[in-house]
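I opened this model to look up how one chain is built and where the two chains meet. My notes follow in the order of looking.

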Amino acid sequence: MNILVCISHVPDTTTKIKFAENNTRLDTTGIQWVINPWDELSLTRALELKEKSGSGVQKVSVAHVGPSSAEPTIRKALAIGADDAYRVDVEALDSYQVAAQLAEIVKAGSFDMILCGIESSDYNGSNVGGMLAEFLDYVSVSGISHLDIEGGEILVTRELDGGREKLVVPSPFVGIVQKGIAKEPRIAAMRGIMMARKKPVHLVDATEAGPLTRVKEFEPPQPRPACKFVDPENPEQLVELLQNEAKVI
Amino acid sequence: MDKKEYLKSGEFLVREVQANEVFVPEEFYEEQQMIAQTCKDFLEAEVYPHLDQLDKGDRELMKEILKKSGELGLMGISIPEEYGGFGQSFVTQMLAAETIGAGFSFSVAFMAHCGIGTLPIMYYGNDQQREKYVTKLAAGELLGAYCLTEPGAGSDANSGKSTATLSDDGKYYILNGQKMWITNAGFCDTQVVFAKVDKDRILSAFIVDSDMEGVVIGPDEHKMGIKGSSTAQIYYNDVKVPVENMIGERGEGFRIALSILHMGRMKLGANVIGAAKMAITDSVKYANERKQFNTLISDFGAIQHKLAEMVIRTFAHEAAIYRVSKDIDNLMEKLKAKSECDEGRAAIEAISHYAVEDAILKVYGSEILDYVVDEAVQIHGGMGYSAEMNVERGYRDSRINRIFEGTNEINRLLITDTAIKRAQKGDYDLFGMAEELYTRVDTISDGAQEGESYFEEKMRTVKNLKKVAMLTIHKASNSLGRKLVREQEILNNIADIITEIYISESLALRTEKTEESRGEAASVYRDILDVYLYDSSSKVRKMAMDAVYSLPEADDTEKLVKAVEVLTKAKGVNVKEARRRIAARIIEDNQYKF
């Protein structure tokens, strides 16, 4: 069994987000890029499955849609343990375009399980996994918090409101993964870093599919107002503030 | 070796260096950055959640974390691949050391293991010793310590009283003695121990297994800082050390000890950068949240001054650290290429060669970190004094850096002494150039040219500081001759001048080299350079004046004073506005990100 983990290249969570070109594009100056946290956890679980005796997983690959500036992020995935990588050299502008290009990668290889993070921490679109399954005409399961292979069967657990659903899924399928799938992301070991430079990164031809949407404007969140402390001996002041200032009661 | 091919230690005092000759941190390649990220990820995942527990003296936990770092390969960064390591360049080793340097006590335990606990065997051991010990030390299967200091032998390390007497059957050295301030003592498996064989004048070095009969490890010391690192005394009572455990030759121990200390100083210089950057980031985050008088304290000029100054010194030190690291790599390659020595020996020979620079970076680095952590506490106000905050821990942990790896007092003497001795040996013509300069001291000028560019002006300023160093050394040597060695205050003045020259030149070269690649973002680099050179010139002026006035009065005293005044006249800078711009950048980023 071969697993393909789709990885997105996102700003580190400590990045102070700024916009350029009349707030229509992310200002990438000085940004430190990382693997999207959900994708990193998917990769961790895929590698755990590969190491699990009897899982039948032979290879874990990673896929990315983006320009060569994302190579360090891809190389990190290889250092963590992925066997090889695929990249489509397109600066995708929306989820549709990303999913369309990822579908080209899947078609170029031979994969039984395709994992996507449930969202990316930059645009939080939560669309790519579902769209990718549509392009491929594969089964997709979203909200996966547990993934295993037992006796040749792929078992997934989905988080529902207040409960869980356990499913057996066919292969190939697209798994849309949320946190909980693995405990912690792996740290790239020195040996992995050394090996990463020798692992192949395949360039896949892009499809002509372009974006379906256009960003009109990004609006940064308002700064959080200062926290007000109320004396515990003075509940009247708390009520007054909630009523007249916060206007929530 | 061809003089043109690389800059010898101390040679920067007499030579003009071009920006394209130096390596700058902006040139780290992807793999180096990935290694640094791994070190950072490791600290965040395995060290930071346990800092309080480590500081309570949980030795088992420290041991467990060290072993995890070994499993990840971090202990093998400096070790050649044939001994289970990853054979990384010295620049990469220093980048890893910088990153781990933000790990408080863990950093001390880790660095002691990887450096002084492992490298004497790697650099001076034979193949059997490397195979038996280094492969396991590089993987963290064994944890190492280095045992040099004794109750009566600190800075004067060769005066140790530990003895190693050959047994009657010639199979063992019987080791007796006492060592103190031994980092990792509480849990180490192997120790590099220095002792004198029979009545030798010079130390020899031995590998001692902690479980050998007669090795007694005392309780941990109660320390001001780095409480998580185990520091204890070790006693040796008739310990039978197999003869094959001697490292190098009999009587080679003192040389080994000193060489390893050179390496330790360099690495310490890198460690402090990581610690400083962390304290700066903690400080700016706090200043960006804390309000007084209805205003964020990061809006106040007094706080901006502190933040900027913390950045300036750290950034300048970083420039010097990676500059010399690349010089060491270059020299190491040349030594290996000429088959003058194997990889281990090439490494230590190259590191030891840069003795002037390692002492500079040890002194300067430990002192800037003390400055940075002090201001970090100050920016945090009352909270900075609370043990809840990392800056409180950082403040206590920093202090040891001025003491271990050779006190800053010893290292200041080494800066001047080594620079002069290397010149006397003929490595560079310091005295010839100084004599020539002295002959025209009456007419000396600052050399300013009409229409000179920004960087021409900066490099001229640095060049003038070099002239001050030459004149001061020339005057001190001629006035006192051999007695100079006893005038430690004057030697310290000269050491501080030499230090300022190396740091400011490195900063100027870094700024120039990165100007093009950084574009507009580099404008703040110019602010850093402007403020630094302005301050540095005035420090050099004071140190030179102190030295000249402390020498026996002579006819040329006033001439020299005037020359120093001319040569240290830096271009005026609106330091307030420059510091505000530097502060604005870090306040905007909310972290150290230069």
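I began with the contact pattern of chain A: residues 24 or more positions apart account for 71% of its contacts with a separation of 6 or more. Two residues are in contact if their C-beta atoms, placed from the backbone, lie within 7 Å. I note that this is a predicted model, in which local features need pLDDT of at least 70 and side-chain atom pairs count only at pLDDT 80 or more, while totals for chains, interfaces and linings use all residues. Residues are numbered from 1 along each chain as its sequence is written, and chains are lettered from A and ligands numbered from 1 in the order in which they are written.

**Confidence.** I read off ipTM 0.90 and pTM 0.93 for the model. Chain B has an average pLDDT of 95, and 99% of its residues score at least 70; pLDDT is the predictor's confidence in each residue, from 0 to 100.

**Chain A overall.** I found 6 helices and 13 strands in chain A. Helices (H or I, at least four residues) and strands (E, at least two) are DSSP runs, numbered from the N terminus. The C-alpha trace of chain A spans about 65 × 45 × 40 Å along its principal axes. Of its 249 residues, 35% count as buried. The cut-offs are 20 or more other C-beta atoms within 10 Å of a residue's own for buried, 12 or fewer for exposed, and partly exposed in between, with C-beta atoms placed from the backbone.

**The sheet.** I traced an open sheet of 9 strands in chain A, with mixed pairing and the order 11-10-9-12-8-1-6-7-13. Strands 11 and 13 (201–204) of chain A are at the edges with a single partner strand each, so one side of each has no neighbour in the sheet. Neighbouring strands are turned by 35° against each other on average, direction ignored. Two strands pair if DSSP finds at least two bridges between them. Strand 9 (residues 139–150) and strand 12 (residues 173–177) of chain A run parallel and are joined by 4 bridges. Across this pair, A:V139 stands opposite A:F173.

**Helix 4.** I then looked at helix 4 (residues 128–136) of chain A, which packs on the sheet and touches strand 1 (2–6), strand 8 (113–117), strand 9 and strand 12. Its direction makes about 90° with that of strand 9; axes are lines fitted to C-alpha atoms, for helices over the stretch in contact, and angles run from 0 to 180 degrees between N-to-C directions. The buried residues of helix 4 of chain A are A:V128, A:G129, A:M131, A:L132 and A:A133. Their cover includes helix 3 (95–108) of chain A. After helix 4 comes A:D137, with a positive phi near 60°.

Is A:K166 buried or exposed? I count A:K166 as exposed, because it has 9 C-beta neighbours inside 10 Å. A:K166 is found in strand 11 (residues 163–169) of chain A. Leaving aside neighbours within four places in sequence, A:K166 contacts A:L155 and A:T157. A:V156 is 10 residues from A:K166 in sequence and 5.8 Å away, C-alpha to C-alpha.

**Interface.** Last, I checked where the chains touch: 20 residues of chain B are in contact with 17 residues of chain A. On the chain B side, helix 1 (30–47) and helix 19 (575–589) are the elements that give two or more residues. Helix 1 of chain B supplies the largest share, 8 residues.
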